[in-house]
Protein chains: 2
Amino acid sequence: MRADARDNRARILTAADEVFGQSPHASTDAVAKLAGVGIATVFRHFPTKTDLLEAVLTQRLERLRNQALTLAAGENAGRAFYTFFSQVVVESSAKLAIGDALTSAGIAAGEDARKAAAGLREAFGSLLSEAQRTGAVRGDAGLPEVYALLIGASRGATTRNVDPEVRNRMLGLVYAGLRPAA
Amino acid sequence: MRADARDNRARILTAADEVFGQSPHASTDAVAKLAGVGIATVFRHFPTKTDLLEAVLTQRLERLRNQALTLAAGENAGRAFYTFFSQVVVESSAKLAIGDALTSAGIAAGEDARKAAAGLREAFGSLLSEAQRTGAVRGDAGLPEVYALLIGASRGATTRNVDPEVRNRMLGLVYAGLRPAA
DNA sequence: CTAAATACGGAGAGTTCACTTCGCTTACAA
DNA sequence: TTGTAAGCGAAGTGAACTCTCCGTATTTAG
């Protein structure tokens with residue numbers, strides 16, 4: 001692979017991350033413009049628009065997964081769990097919108113994105129288990145519902161750009177439900 | 001207004017509710033086809049596609065508002081609060097998607113939809129106050145964060161058609177956070 | 001029953017977007 | 001330095017979609 005080709009690929013991915021982060025319905029032209037390349041170059045690296053969306057989504061999911069794994073391995077998993085939860089809620093607006101665009105546009109998310117999503121879920125599961133072992137999270141909460149709650153809280157905070165203070169109070173309510181009853 | 005015109009308008013609204021409920025990116029043609037009218041008729045009643053989306057959204061919001069008001073006025077507001085919360089989460093998939101389509105497509109939601117949304121929020125606020133008065137919901141929870149939580153939970157349950165059992169367990173976690181600490 | 005105002009629908013104009021073609025340019029090996 | 005394979009971008013293609021025009025059909029008042 002030629003050096004300029006690799007450069008352009010990276011520039012396109014970065015531009016796509018930003019453009020689709022703001023509006024997942026943006027045109028491929030917009031991505032090309034921001035990346036400073038021609039449209040054809042975008043399509044040469046990512047044969048369809050879905051491929052491009054998927055690449056962006058996969059990249060984001062993997063980043064989150066690595067963060068979760070690092071936090072789970074560290075000490076004080078309980079605090080780490082809540083930190084990670086808050087962080088995802090704050091940051092994940094774009095990621096979810098892109099996921100929507102994928103599932104609504106394409107038939108289903110592609111192989112790579114699916115694998116990355118499963119990886120994130122598993123890593124989050126590790127973090128949850130650790131947090132439960134230290135008593136920071138109630139033991140009878142299963143991964144499926146906690147994960148659904150994570151996604152939901154993210155979306156709730158996302159839709160309209162909610163006042164940060166309201167978002168924090170909302171997270172407070174969520175955390176009250178996650179902490180052990182006693 | 002002629003009788004057939006009124007009929008057609010109603011038929012179009014019903015069809016649009018169904019079509020956009022499944023996919024808010026559906027074309028106006030699809031709505032016309034389902035309603036059994038020509039495309040021009042749809043555009044005569046709703047000059048732009050945004051107008052049509054807005055009419056559908058407004059209608060749904062007003063329906064929810066009325067339900068909330070009825071429940072707030074009845075007895076056992078505590079139980080009613082949780083019932084309403086669950087119901088919105090279960091049903092509101094389409095409504096939220098339409099709202100998204102509006103805000104992403106158009107510049108901002110129109111006057112009618114905005115008013116209807118405010119009405120629903122206020123009605124939900126009444127329900128919340130009643131539930132707090134009877135001790136079913138912790139008193140230090142404000143409307144903004146509870147409403148954000150309602151929207152978030154709806155979205156979490158919506159995205160992928162979640163297993164109903166998982167959804168219920170997720171709601172269980174949310175409710176654990178909403179109930180009084182003591 | 002009749003007339004005219006009102007409503008209807010299909011064909012088309014104009015736009016946008018994903019994706020392709022092709023002549024030109026650039027990186028890199030010998 | 002030079003030949004060539006790989007890469008590039010502008011212009012073009014075709015499909016889909018929103019919205020309009022206009023001749024035809026229907027309702028309804030007198």
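Reply: Chain B and chain A bury about 2100 Å² between them, and 71% of that area is on carbon and sulfur atoms. Buried area here is the accessible area, with a 1.4 Å probe, that two parts lose on being put together, summed over both. Of the area that chain B buries against chain A, 28% is supplied by Glu145(B), Arg155(B) and Leu173(B), more than by any other three residues. The model is predicted, with local features requiring pLDDT of at least 70 and side-chain atom pairs counted only at pLDDT 80 or more, while totals for chains, interfaces and linings use all residues. Residues are numbered from 1 along each chain as its sequence is written, chains are lettered from A and ligands numbered from 1 in the order in which they are written, and side-chain values use heavy atoms, leaving out hydrogens and water.

The contact (heavy atoms within 4.5 Å) draws 25 residues from chain B and 25 residues from chain A. Two salt bridges are found across the interface of chain B and chain A, a salt bridge being a side-chain nitrogen of Lys or Arg within 4 Å of a carboxyl oxygen of Asp or Glu. Arg169(B) forms a salt bridge with Glu145(A), and their closest N and O atoms are 3.0 Å apart. Three residue pairs, both residues at pLDDT 80 or more, are in polar contact across the interface of chain B and chain A. A polar contact is a pair of N or O atoms within 3.5 Å; within protein, one must be able to donate a hydrogen and the other to accept it, and residues adjacent in sequence count only if both atoms are side-chain atoms.

On the side of chain B that touches chain A, the elements giving two or more residues are helix H6 (93-105), helix H8 (143-158) and helix H9 (164-178) of chain B. H8(B) gives the most to that side, with 10 residues. Helices are DSSP runs (H or I, at least four residues), numbered from the N terminus. By class, this side of chain B has 13 nonpolar, six polar and six charged residues. Ala, Val, Leu, Ile, Met, Phe, Trp, Tyr, Cys and Pro count as nonpolar, Asp, Glu, Lys and Arg as charged, and the others, Gly among them, as polar.

Now the DNA. Of the 20 residues around DNA strand C, Lys49(A), Arg2(B), Asn8(B), Gly38(B) and Thr41(B) come nearest; a residue is near a strand if one of its heavy atoms lies within 4 Å of it. Sugar and phosphate make up 66% of the atoms of DNA strand C that come within 4 Å of the protein. A polar side-chain atom of Lys49(A) lies 2.4 Å from a phosphate oxygen of DNA strand C. For Gly38(B), a backbone N or O atom lies 2.8 Å from a phosphate oxygen of DNA strand C, and for Ala3(A) a backbone N or O atom lies 3.2 Å from one. H3(B) provides the largest share of the surface near DNA strand C, four residues. That surface divides into seven nonpolar, seven polar and six charged residues.

Thr41(A) is in helix H3 (residues 39-45) of chain A. Thr41(A) is buried, at a relative accessible area of 16%, where buried means under 20%, exposed over 50% and partly exposed in between (1.4 Å probe, protein chains only). Neighbours within four places in sequence aside, Thr41(A) is in contact with Asn8(A) and Ile12(A).
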